[in-house]
Structures are given as C-alpha cells and as structure tokens.
Amino acid sequence: MKINRRDFNYSLALTLGSLQFSHLAFHEQQQTLRVNGDRITQHIRGLAEFGKNPQGGVSRVAYSDADKQGREYVIGLMKDARLEVTIDAAGNLIGRRAGSVPALPPLLIGSHIDTVPEGGNYDGVVGSMGAIEVAQTLAEKNVTLRHPFEVVIFQNEEGGLIGSRAMNGELTEKELDLVSRSGKTIREGIKFIGGDPTKLSTAKRKQIGAYIELHIEQGNTLDTEKIKIGVVEGIVGINWWDVTIEGFANHAGTTAMNNRQDALLAAARFIQAVNRIVTSVPGRQVGTVGRINALPGAPNVIPGKVVLSLELRDLDAAKIKMLYDKIYAEAQQIANDSRTKFDFKEINVNTPAPTSQFIRSYITESARKLGLSTKLMPSGAGHDAQDMARLGPVGMIFVPSVGGISHSPREFSHPQDIANGANVLLHSVLEFDRDQVA
Ligand code: HGY
Ligand code: MN
Ligand code: MN
C-alpha cells in the first residue's frame, strides 16, 4: 500500500495521540492506587506474636529466637507479595522486583522488625509492613516500576543501625565482636539469622536511586497538632559510649565515709552532670544515661566499679562533639574529687543526615493529593535512613504516635493513620519512579 506524506503524518499523529492518551490513562490509573489497610493491620498483629510479652508489647531484640521467627514470618509475607527474597551477608532481608529499566539504580523502601527490650508493636514494624504492602499492591495491580525495586528489612536497627551500616560500608570488623542485647556477639548474631560475617563486604552497596522509609513519629507533635503526615527534614546523629568508673571495693561497714572511693557515687554525680551540661545550651539536643551496672553489686560492699552508657543526640555532629568535650572535662573533675578514674569507650556513631529535598517534595505532594495534612519536622530518633543517606537520596514519612509514646508496650498508632502513611509511601515511590530516570 502506498502511503503519502499527509496520510503518514496523520497516522503518526494518531499513534502519538493514542500513546499519549494511554500514558495519561496509565498515570490516572496509578493515581487511584491504594494499599489495603486491613491487610497491614493483620500483618502487624501476625508479627506481634513473635516475642510478645505480658505487658502487651514485644521483646524481639535482634538475634533472639523471636527475631528469627519474626523474620521467617516476614519472608512469607514478602513471597506473598511476589518479591524475590534473599538475605545479604550482613543478615538484612531483601525482597526484590525487577524494573523495566534494569540499568537504573535500585529504589529501596523498608524499615526494621527488631525491637528494644519491652518494646512495642509499631516502631519499625509499621514501615516494614507498610513497605511489603506497597510491594503487594504493585504486584496485584501489575504495576512494573522502571527502577529495580527492593523492600529491605534491616537487621539490628535498635542495637546501633547495624544492618544499614553494613550496607554503607561503615560497620567495622571490631564491632562484630561487641556483645548485643541478645547475649550473642554481632558476628554470632549475623550467622544466627542467615548472614555470613566472613563476607560482610559483599553486603556493601555502591549507589541507590533512593531510600524511602515509613515510620511512626515516636514523639507527640503530629498527635497533638492533629497532623496526618510528618515529612522528615533530617535525622539526628547518635553517639554511644561505655563509661567505666574505677573506684575501690571495700567493706561498707568498716570504711569511714571520708575514706571511700565509691564508683557509684561518682556515677551519680556524672549522671547529674550529663543532664546539666546537655540542658545548658539552647537547642533540641538530648543526652541520656540509660544503662548502669555497679559491681560487685552487694548491699555491704562499696561499689568498686561502674559501667554505664552515655548517649548524645543532635542534628549537628559538631554540637555532639562540643557536649561530649564538656562532659569529658567534668568527668575528670569528678574523678579527682572522688579518687576514681573515668574511662570512655566510643561504641557506636550514627552520623546525622538531612533528607533529600526532592524526595520531601514527592512525599508532600503525594500527601496533598491524598488529602492529608503535612508538617516538615526533624527526627529525634535514629533510623536506617541516615545510613542509606550515604548511598543516595533518602526521605522519611512519619505517622502519628498516640500520646507520643514509643519504646514501650503502650506504643500505638491508629490503623487509618498507618494506611495513610503507606499510601503516601506508595505514591512517593510512583512519583520517584516516573520522574527520576537519569
Ligand atoms: O534509638 C532510636 O532512636 C531508634 O528507635 N532506633
Ligand atoms: Mn526504636
Ligand atoms: Mn525504629
């Protein structure tokens, strides 16, 4: 058949028009996609069985039996969501779906399922179940993203962001010998959950397209101000030290009050000093002594040794350093006065990280289209996102925590708020995938 130029142009215009139309229709169809909120609730309840405690929360510390069982449950959910599941050498759980443009850097979403001792059912769990739900929604609606897509459940978030620091290459060989809350060293723990600490470097990633994490706020700003979605502007840095105070253990009945080297008394002064120094300058910085062990630990022995934890947090690493220097100097004074010795050992450093401007705008825009109010806010809690920020742009979506309670069995977020957050995650993923092709 002979075709003249006019006909050709006409048919080309028709084809382009219908392509454009189908692209628009596709775009519109994507706009109406929603997650299944009831299914997220069911999965949160399902996971709550592993490590559940009488207080109504869970103790699912990393590398415990409950953690391992919870991870097995999660692997099942990932498979149901048609994700291809692997465990990397660091023990992170990864569920993948291929993208239509395999050369693009991967788009990651996820969170963690390990908890603090006597923790709740929402910290980390909401983001993990929300991410799997996003994957399942995409699979059910046959949406193929351009980017390779991964749901990542990071291991041992609560013990110092261990899994995500392995992914960005910051986890050191020395840290593997630290004893975790499970009683196992990190090295033993990684093996226990199916990783391979001898091949840790293979868990290290080069570049990611983005990492977006849904999480409960863990503070009361959204709940008090009745705002549905927090758009995180940055995540605090967190530094941990073990502080050992050496005194002299002696008889509590025969050693006069003016002749003691009481390590616990020095520790008490130190704890007061931390609080005073941290509150002596303006800002949102926080400092905590959250763990203390006095030895030998008997009513009739003057404590000869104390080991306690010191934690400092701020969005500005320089401020953390400044506070630490002041605390260190004051500790030397207390040591002189009390004839004790203070030794500081840095055990974990999580660098502060701003979130990416353009991912914030996808989150804000997705929330707006869903009719949800937003607020730009910092995160006072640490998250794996701060480590992923070393590998590419990151964003975080917060949903309200009732009463701002977290790290407690009384942690709670309403199912509707969780579904809202997961929908914002879904649409942020779609926006990113549409826009970012370079
Ligand atoms: O400790 C934290 O900030 C976090 O919940 N892992
Ligand atoms: Mn936590
Ligand atoms: Mn968390």
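Mentor: Happy to; we will begin with the metal site and then visit a few other places.

A word on the ground rules before we start. This is a predicted model, in which local features need pLDDT of at least 70, side-chain atom pairs count only at pLDDT 80 or more, and totals for chains, interfaces and linings use all residues. Residues are numbered from 1 along each chain as its sequence is written, chains are lettered from A and ligands numbered from 1 in the order in which they are written, and side-chain values use heavy atoms, with hydrogens and water left out.

Let us start with the manganese ion (ligand 2). Its protein donors are D123 (OD), E158 (OE) and H407 (NE2), which lie 2.0 to 2.2 Å from it. Donors here are N, O and S atoms within 2.8 Å of the metal (3.2 Å for Na, K and Ca), and because water is not among the atoms, sites may look incomplete. Along the chain, these donors follow the spacing D-x34-E-x248-H. D123 sits in the loop between β3 (107-112) and α4 (125-140), and E158 in the loop between β4 (149-154) and α5 (162-167); the pair, 35 residues apart, links distant parts of the chain. Helices (H or I, at least four residues) and strands (E, at least two) are DSSP runs, numbered from the N terminus. Both D123 and E158 are buried, where buried means under 20% relative accessible area, exposed over 50%, and partly exposed in between (1.4 Å probe, protein chains only).

Now follow D123 across to the manganese ion (ligand 3). D123 bridges this ion and the manganese ion (ligand 2), and the two ions lie 3.6 Å apart. The manganese ion (ligand 3) is coordinated by H112 (NE2), D123 (OD) and H215 (NE2), at 2.0 to 2.2 Å, with the spacing H-x10-D-x91-H along the chain. H112 belongs to strand β3 and H215 to strand β5 (residues 210-216), so this pair ties together parts that are 103 residues apart in sequence. H112 and H215 are both buried.

Another histidine to look at is H147, in the loop between α4 and β4. H147 counts as buried because its relative accessibility is 1%. Its side chain and that of D433 are joined by a polar contact of 2.6 Å; such a contact is a pair of N or O atoms within 3.5 Å, where, within protein, one must be able to donate a hydrogen and the other to accept it, and residues adjacent in sequence count only if both atoms are side-chain atoms. A polar atom of the H147 side chain also lies 2.9 Å from the backbone oxygen of Q436. Setting aside residues up to four places away in sequence, H147 touches G99, L104, P105, L107, F432, D433 and Q436, contact meaning heavy atoms within 4.5 Å.

For contrast, turn to R260, in the loop between β8 (250-251) and α8 (263-278). R260 counts as partly exposed because its relative accessibility is 21%. The R260 side chain reaches the backbone oxygen of A252 at 3.0 Å and the backbone oxygen of T255 at 3.0 Å. Leaving aside neighbours within four places in sequence, the residues in contact with R260 are A252, T255, I302, S338 and R339.
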